[in-house]
Amino acid sequence: SSVRVFAPATVANVVCGFDILGFAVEAPGDEVLMRRTHKPGVTIRRITGDEGRLPLEASRNTVSASVEFLLQHLGREEVGLEIELHKHMPIGSGLGSSAASTVAGLVAANELLGSPLKPLQLLPFAMQGEELACGSGHADNVAPALLGGFVLIRSYKPLDVVRLPFPTELHCAIVYPAVHVPTRDARQLIRSKVLLKDAVTQWGNVAGLVSGLFLNDLGLIGRSMQDVLIEPVRAMLIPDFYRLRELAHEEGAIGFGISGSGPSVFAFAPDEHRAAAITARLRQHLLSLGINSLGYVSAI
Ligand code: HSE
């Protein structure tokens with residue numbers, strides 16, 4: 001028997017919610033094709049769309065490694081699983097590329113085993129996959145990739161995950177400038193201490209953003225999408241970040257910021273048409289700087 005599972009790209013942090021907020025888009029996403037075999041153990045048969053960059057060795061690949069964690073937990077190490085991974089988004093892009101693959105793999109394995117776990121119970125294994133991929137087991141990509149929509153990680157210890165509502169008209173423009181920013185490096189830049197006055201600004205914004213999602217208040221959502229802690233440091237990894245922000249706002253963006261750890265940037269727009277205009281404008285500007293890019297427009 002075999003299954004095919006799709007898991008979406010995700011935007012982590014959502015500007016002010018470093019490591020605690022994330023949402024899934026409808027597309028792009030990665031696909032895992034998995035089948036049971038007679039030979040025990042997890043093997044990767046084929047990976048496409050990664051330009052040969054991902055390891056095929058089962059213990060080093062986040063998809064197979066997280067499935068191995070799952071099999072160990074369930075005491076099902078006798079099971080044989082063979083994986084084909086089809087990547088449809090760039091690696092190291094800030095779009096939750098490793099999270100999408102890992103989640104697709106875990107959902108596929110769980111299904112082939114007769115669904116012993118509920119989706120939320122797969123989260124700790126997906127976080128172990130993230131730890132392997134970038135040295136940190138954050139959940140703000142894997143949780144929305146697994147559950148869909150907007151997700152808050154209220155606490156890591158113990159894990160407390162909350163699905164948030166969001167305005168249905170909300171669309172997302174995403175632009176990936178083709179420069180490489182590994183999450184591991186982008187995390188090392190961040191200072192570990194913050195000033196109280198900055199913390200006050202930040203938690204005001206997080207509360208404002210979450211309130212805006214509940215109240216369907218696009219203005220409040222936009223006003224709250226400010227980050228005084230992480231963005232000032234990471235902005236330098238992204239070509240002409242502040243100009244991109246101005247251009248997004250000129251095209252009617254509700255809010256703009258770095259997607260995950262970058263270099264992708266994203267903006268919220270009140271409809272698909274405006275999201276497409278933002279994507280086009282940002283890509284045109286990057287091209288004028290000699291930087292190739294990919295652009296996506298999606299509902300949430
Ligand atoms: N919250 C994580 C970070 C997301 O910003 O490092 C990584 O995609």
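## A loop residue to start from

Setting aside neighbours up to four places away in sequence, Leu-159 is in contact with Leu-123 and Pro-124. Contact here means that the C-beta atoms of two residues, placed from the backbone, lie within 7 Å. Leu-159 sits in the loop between β5 (150-155) and β6 (160-164). Strands such as these are DSSP runs of E with at least two residues, helices are runs of H or I with at least four, and both are numbered from the N terminus.

Leu-159 is partly exposed, because 14 other C-beta atoms lie within 10 Å. The scale is simple: 20 or more other C-beta atoms within 10 Å of a residue's own make it buried, 12 or fewer make it exposed, and partly exposed falls in between, with C-beta atoms placed from the backbone. Ala-276 lies 117 residues from Leu-159 in sequence and 36 Å from it in space, C-alpha to C-alpha.

## The model and its confidence

This is a predicted model; local features need pLDDT of at least 70, side-chain atom pairs count only at pLDDT 80 or more, and totals for chains, interfaces and linings use all residues. Residues are numbered from 1 along each chain as its sequence is written.

The protein chain has a mean pLDDT of 96, and 100% of its residues reach 70 or more. pLDDT is the predictor's confidence in each residue, from 0 to 100. For the complex, the predictor gives an ipTM of 0.98 and a pTM of 0.96.

UniProt, in an unreviewed entry, places "domain: GHMP kinase N-terminal" at residues 61-149. Such positions are given in the numbering used here, feature names are shortened, and annotations may be inferred rather than shown by experiment. Residues 61-149 are 53% helix and 8% strand, with 26 Å between the end C-alpha atoms.

The unreviewed entry also lists "domain: GHMP kinase C-terminal" at residues 212-285. That stretch is 53% helix and 12% strand, and its end C-alpha atoms are 30 Å apart.

## The annotated binding site

UniProt's unreviewed entry lists a "binding site" whose residues include Pro-90, Gly-92, Ser-93, Gly-96 and Ser-98. Ser-93 is found in the loop between β4 (80-86) and α2. Ser-93 is buried, with 24 other C-beta atoms within 10 Å. Beyond four places in sequence, Ser-93 touches Tyr-176, Pro-263 and Ser-264.

Ser-98 lies in helix α2. Ser-98 counts as buried because 27 C-beta neighbours are inside 10 Å. Its contacts, leaving aside neighbours within four places in sequence, are Thr-62, Gly-129, Glu-130 and Ala-133.

The largest nonpolar core has 83 residues. A core of this kind is a set of buried Ala, Val, Leu, Ile, Met, Phe, Trp, Tyr and Cys residues joined through C-beta atoms within 7 Å. Among the residues with the most contacts inside the core are Val-103, Leu-106, Cys-172 and Ala-267. Helix α2 (residues 97-112) supplies the largest share of this core, 8 residues. In soluble globular proteins, nonpolar side chains tend to be buried together.

Leu-112 is also in helix α2. Leu-112 is partly exposed, with 18 other C-beta atoms within 10 Å. Its contacts, not counting residues up to four places away in sequence, are Ser-1, Val-3, Met-34, Arg-36 and Leu-81. Leu-112 and Met-34 are 78 residues apart in sequence, yet 8.2 Å apart in space, C-alpha to C-alpha.

## An open sheet of four strands

Four strands form an open sheet in the order β8-β9-β7-β10, with antiparallel pairing. β8 (255-258) and β10 (293-299) stand at the edges with a single partner strand each, so one side of each has no neighbour in the sheet. The twist averages 15° from one strand to the next. Strands pair if DSSP finds at least two bridges between them. β8 and β9 (residues 265-269) pair over 4 bridges in the antiparallel sense. Gly-257 has Phe-266 in β9 as its bridge partner, and Phe-256 has Ala-267.

β8 and β9 form a hairpin with 6 residues between them, and Gly-260 in the turn has a positive phi of about 55°. Ala-267 touches Ala-173, Ala-248, Ala-253, Gly-255, Phe-256 and Ile-278, not counting residues up to four places away in sequence. Helix α10 (residues 272-288) lies across β7 (171-177), β9 and β10, at about 15° to β7. Axes are lines fitted to C-alpha atoms, for helices over the stretch in contact, and angles run from 0 to 180 degrees between N-to-C directions.
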